[in-house]
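Please view the sequence and the structure together while reading.

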Amino acid sequence: MSQNHKKTFRFHYLIDKEFQLKFLAHYSLLFISGVLVTLGFLYWLNQAKYDGGAVFRLRQDAQTVYWKVENEDAGPSEAKEKFVPREIYLPNYDHQLNMYTIQFDAVVTLSILYLLLITVFSVFKSHKMAGPVFSIKRSLQRMASGEPIETIRIRKGDEFQELVQVLNEVIQKRVSDGSKK
């Protein structure tokens with residue numbers, strides 16, 4: 001291998017483009033769907049806050065507050081401002097919630113859910129890779145110890161189909177060369 005080829009080879013991280021891009025697409029879709037669900041949930045929380053939904057409810061009893069207004073009818077000896085009572089319905093904060101704690105709890109809960117989903121997805125995806133690797137390793141160990149060699153069999157949806165096909169060709173060649181001797 002030439003020195004020039006070694007330098008350029010270091011920067012080729014996509015060695016098996018089809019496999020690596022498919023693997024990246026699966027995890028990217030999982031991540032993007034998680035982000036969309038989180039954004040949708042946070043949107044729902046913020047909408048529910050204003051229309052008396054599940055997050056903040058208005059109190060049933062009116063609270064009297066005094067508003068400072070200009071006294072247009074004030075005479076020279078009267079105050080220019082007066083306080084007018086008004087009744088308003090305030091949010092019920094008895095449950096000790098604010099938007100930070102609600103969103104923090106939501107993000108933590110959804111993150112744990114996504115972690116569980118990614119774990120399950122990873123187990124199934126890695127199973128499609130680990131099965132062929134195990135079969136290849138077992139066949140190569142048999143080949144190295146001189147035991148009879150069988151062709152490597154993997155399931156239809158497993159990864160590394162091309163590698164198994166090439167190794168099976170090598171095994172067939174070795175079996176046919178061994179039978180000639």
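In helix α4, Val-164, Leu-167, Asn-168 and Ile-171 are buried, where buried means under 20% relative accessible area, exposed over 50% and partly exposed in between, with a 1.4 Å probe and protein chains only. Seen down the axis of α4, the buried residues fall within an arc of 110°, so they line one face of the helix; the arc is that of the directions from the helix axis to the C-beta atoms. Glu-169, Lys-173 and Lys-180, on the other side of α4, are exposed.

The model is predicted: local features need pLDDT of at least 70 and side-chain atom pairs count only at pLDDT 80 or more, while totals for chains, interfaces and linings use all residues. Residues are numbered from 1 along each chain as its sequence is written, and side-chain values use heavy atoms, with hydrogens and water left out.

Helix α4 covers residues 161-180; at 1.5 Å a residue its 20 residues should span 28 Å, and its end C-alpha atoms are 29 Å apart, which agrees. The expected span is 1.5 Å times one less than the number of residues. Helices (H or I, at least four residues) are DSSP runs, numbered from the N terminus.

Phe-160 lies in the loop between α3 (99-145) and α4. Its phi is near 65°, a positive value in a residue other than glycine. Most residues other than glycine have a negative phi. Phe-160 is partly exposed, with a relative accessible area of 26%.

The table sets out the two pockets. A pocket is an open set of points on a 1 Å grid over the protein atoms alone, with protein on both sides within 12 Å along at least five of seven lines; lining residues have an atom within 4 Å of a point. A volume is the space filled by probe spheres set on the points.

| Pocket | Volume | Largest share of lining |
|---|---|---|
| Largest pocket | about 180 Å³ | α2, three residues |
| Second largest pocket | about 160 Å³ | α2, six residues |

Of the twelve residues lining the largest pocket, Glu-18, Phe-19, Lys-22, Glu-159 and Glu-162 are the closest to its centre. Helices α2 (17-50), α3 and α4 each supply at least two residues of this lining. The lining of the largest pocket has two nonpolar, two polar and eight charged residues. Ala, Val, Leu, Ile, Met, Phe, Trp, Tyr, Cys and Pro count as nonpolar, Asp, Glu, Lys and Arg as charged, and the others, Gly among them, as polar.

Residues lining the second largest pocket include Leu-30, Phe-31, Tyr-114 and Ile-118. This lining divides into six nonpolar, three polar and no charged residues.

Key
On a 1 Å grid over the protein atoms alone, a cavity is a set of points where a 1.4 Å probe fits but cannot get out, and a pocket is an open set with protein on both sides within 12 Å along at least five of seven lines; lining residues have an atom within 4 Å of a point.
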